[in-house]
Amino acid sequence: MKTPVFAILFSSLLTLTSSDAFSQSALKLWYDRPAEYFEETLVLGNGIVGASVFGAVEKDQIYLNDATLWAGEPVDPNMNPDAHKHIPAIREALANEDYRLADQLNKHIQGKFSQSFAPLGTLFLEFDHSGAAENYYRELDISQAIAKVRYDVDGVHFTREYFVSHPAQIMIIKLKSSQQGSLNFRVKFGSLLKYQSSHDKEMLQIDGYAPFHAEPSYRGEMPNAVQFDKQRGTRFSTYLQIQQEGGEVAFNDSSISVTGANEATLHVSIATSFNGFDKDPAREGRDNKLIAKNQLNRSLSESYKTLVTNHIEDYQHFFNRVSLTLDDRPVTNLPTNERLKKYTHGAEDNALEILYFQFGRYLMIASSRTDGVPANLQGIWNPYMRPPWSSNYTMNINVQENYWLAESANLPEMHRPFLSFIGNLATTGKITARTFYGIEQGWVACHNSDIWAMSNPVGDFGKGHPVWACWNMAGPWHVTHLWEHYLYNGDLEFLKTEAYPLMKGAAEFCLAWLIEDKQGNLTTSPSTSPENLYLTPDGYKGATLYGATSDLAMIRECFQQTIEAAKVLDIDTAFQESLQNALDRLYPYQVGSRGHLQEWYHDWEDADPQHRHQSHLFGLHPGHHITPEKTPALAAACRKSLEIKGDETTGWSKGWRINLWARLHDGNRAYKMFRELLSYVEPDAAEKTQYSGGGGTYPNLFDAHPPFQIDGNFGGAAGVIEMLLQSHEDNVHLLPALPNAWPSGSVSGIRARGGFELSIRWNDGRLTAVEILSTAGKQCRLRYKDQEIVFDTEAGNIYRFDGSLTKLN
């Protein structure tokens, strides 16, 4: 990424934008009271260490996480070696239309549950204040990735600054008082994990370990749900030291005390023994103690000014690539939670919409910078031993939605943790393909995974309902992200050495998995549509069938992209032909009696017509083979399906529907969904799981499923770009779904497939200017409304056009 060149590129257009300074000042979440609930905290992260800051006056608490600290240990993918022997019986039951029997038999195709993302612990800061606090204020400045708290007690002004540095791999808390000698506090640590604390000279040392097993929370109370063993599980270290000005520091084995100081800087160093998905963290792990100590010593050798400057420079290298303005309305001078409430009741607040969009990019930078360890369901922020859905990688939409934002929002580096994780999955997935499905070619992955790259279908060997336990199409979905990364960046070496082998492996599994239906079409069997149930004409409510539309949509996309990748690389001609032959024989999309795109092989009713999943619309988004231009009848059927589903749904599902409506070029409906995604949700409802609705946004702008899931944040932010820019193949479409609510504005730094970075400005609902940087030197087909131009480009060159697509240079 050539940030200096990019900055020059957009300098001319940004001079047209009068609200650049306004945008920076608006990029703050702020509140007039401390957080009471997790969903009110200010979250920080450096891509591996996460912190959730409450900001209380007398007893502050900070939840700590490390992206690599999970329950469990390397998975044995050979856990159910005879599962595949049941596939023929399931297929026979389906051929006989005995869906009840197929559901029962499908339970044989199940293995272990995934492990859980663990809470590292809680840092406590206890202050000795003699009076009540006044003028309280806390903020998260997402333009700098710094949280702040300030208040007055008895005429003394107290401030705190918190950040988690990627360059220093350290968390810093800076505490100051306006009166000399008035800073008095204690630092303590607690954890739900097993740990011991001690002190070594001026360092407080906490060393512990995670459980080797944790049951998913949705299994309820059960014996031995969380199991510890000193000889097993991931180790962690949290080392703390204080540098103070004035006063004294005292230690014991459980706390640090500071008395009579003017200011103090707390350094928090965290490390784990995680050494890869296939390494036992207890026997083959990294030396977490040494790593934590070295990080701490390096941090202590730097001044606070150096630490904060390096942190901001590193963060802004990514964050400042993209800016968005929507009209020039003043920022409402209300706390963020109050703005969100007013917005929910109909108030206009373009600045809040910009803040939400950029908060999504902030969360991406904060949670996804660790190779092979993607952001999970909760990003990297979780206080629970058995978090919702294990805080795992849910792979039938959620982990993929986490990364829709990465490429278009100019954060391709943050895509890397997920892209590299796919290779880990393929390693275990080769064994899963053989043992669960009887297929020797390629690799497979299913509904859930974890840091150990588990690829098997879950359900605890027959105890799970096939509706969620038995889905097996994560592979073809995942590899579309590899192709997307290539399309945006044009890296042939990446395509050749990393992407294509994984794409080919996923395609090989699908090719071997397909069977003929009674009409001679190719289809999948057994099959499920993620988490949804059908109703047969005789009233049976089931999950297992043949030829779910979502299966075939993902296989279509995978085959098409794998063929294109092979053509780019000029390899595997025979394999290309086999994929194309299979594509030509796939059971075609079906339009149902109500004009909708069928989710099932037959025109059956859904058990829940408003179900949160819309996996059968995959070809429209995130896929590309259904478009209003090229497949208008199928696009119309997708629209009808969305109309039948309605708009009330969970948070992440609203995020997906924003993108779907944008792909249908219906900006106003996409914007309606966007507004509804920003509906205020009370934080005290956070642990009340809802599946059919209630989605929205918590006071700290976390997405509410409910409970908190980060995918809605990422999906919603991606949807903003999808309204302003879309790109398919070599077609770059400007303002394809601009809502009436955004008549004027500008965006800079967003990216299109083909290797283009764009800056766009519009006024009164019409394009006024566009600038394009070509990063790959490919031909560009630029489209706005019914206008279209095609031009060749050279890498590094800038191309400028006015609102009628007339070239200006």
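Me: Which residues of helix α4 (residues 99–106) are buried?
Reply: The model is a predicted one. A residue is classed as buried when its relative accessible area is under 20%. In α4, the residues of this class are Tyr-99, Ala-102, Asp-103, Leu-105 and Asn-106.

Me: Against which elements do the buried residues of α4 pack?
Reply: Both helices and strands take part in this packing. The helices are α3 (87–95) and α12 (466–469). The strands that the buried residues of α4 pack against are β24 (534–535) and β25 (541–542).

Me: How are α15 and α16 oriented, roughly parallel or roughly antiparallel?
Reply: Helix α15 (residues 549–569) and helix α16 (residues 573–585) have axes that come within 10 Å and cross at roughly 155°. Angles over 145 degrees are counted as roughly antiparallel. The orientation of α15 to α16 is therefore roughly antiparallel.

Me: What is the make-up by class of the contact of α15 with α16?
Reply: From α15, the contact involves Arg-556, Phe-559, Gln-560, Thr-562, Ile-563, Ala-566 and Lys-567. From α16, Phe-575, Gln-576, Leu-579, Gln-580, Ala-582 and Leu-583 take part. Sorted by class, these residues are seven nonpolar, four polar and two charged.

Me: At what angle do helix α13 (residues 474–489) and α15 pack?
Reply: The axes of α13 and α15 lie 9 Å apart, and their crossing is left-handed. On the α13 side, the contact is formed by Pro-476, Trp-477, Val-479, Thr-480, Trp-483 and Tyr-486. Their counterparts in α15 are Met-554, Glu-557, Cys-558, Gln-561, Glu-564, Ala-565 and Val-568. The packing angle is about 40°.

Me: Is Arg-160 buried or exposed?
Reply: Arg-160 is found in strand β8 (residues 156–165). Its relative accessible area is 2%, and the cut-off for this class is under 20%. Arg-160 is therefore buried.

Me: With the side chain of which residue does the side chain of Arg-160 make a polar contact of 2.9 Å?
Reply: Beyond four places in sequence, Arg-160 is in contact with several residues, including Asp-60, Phe-127, Lys-148 and Lys-174. A polar contact of 3.3 Å joins its side chain to that of Tyr-162. The polar contact at 2.9 Å is made with the side chain of Tyr-151.

Notes:
Residues numbered from 1 in each chain as written. Predicted model: local features only at pLDDT ≥ 70, side-chain atom pairs only at ≥ 80, totals over all residues. Heavy atoms only, no water. Axes fitted to C-alpha atoms, helices over the stretch in contact; angles between N-to-C directions. Helix = DSSP H or I, 4+ residues; strand = E, 2+ residues; numbered from the N terminus. Parallel < 35°, antiparallel > 145°, perpendicular 65-115°, else oblique. Contact = heavy atoms within 4.5 Å. Nonpolar A, V, L, I, M, F, W, Y, C, P; charged D, E, K, R; others polar. Buried < 20%, exposed > 50% of the residue type's maximum accessible area, 1.4 Å probe, protein only. Polar contact = N/O pair within 3.5 Å; in protein donor to acceptor, adjacent residues only side chain to side chain. Left-handed = near helix turned anticlockwise from the far one by under 90°.
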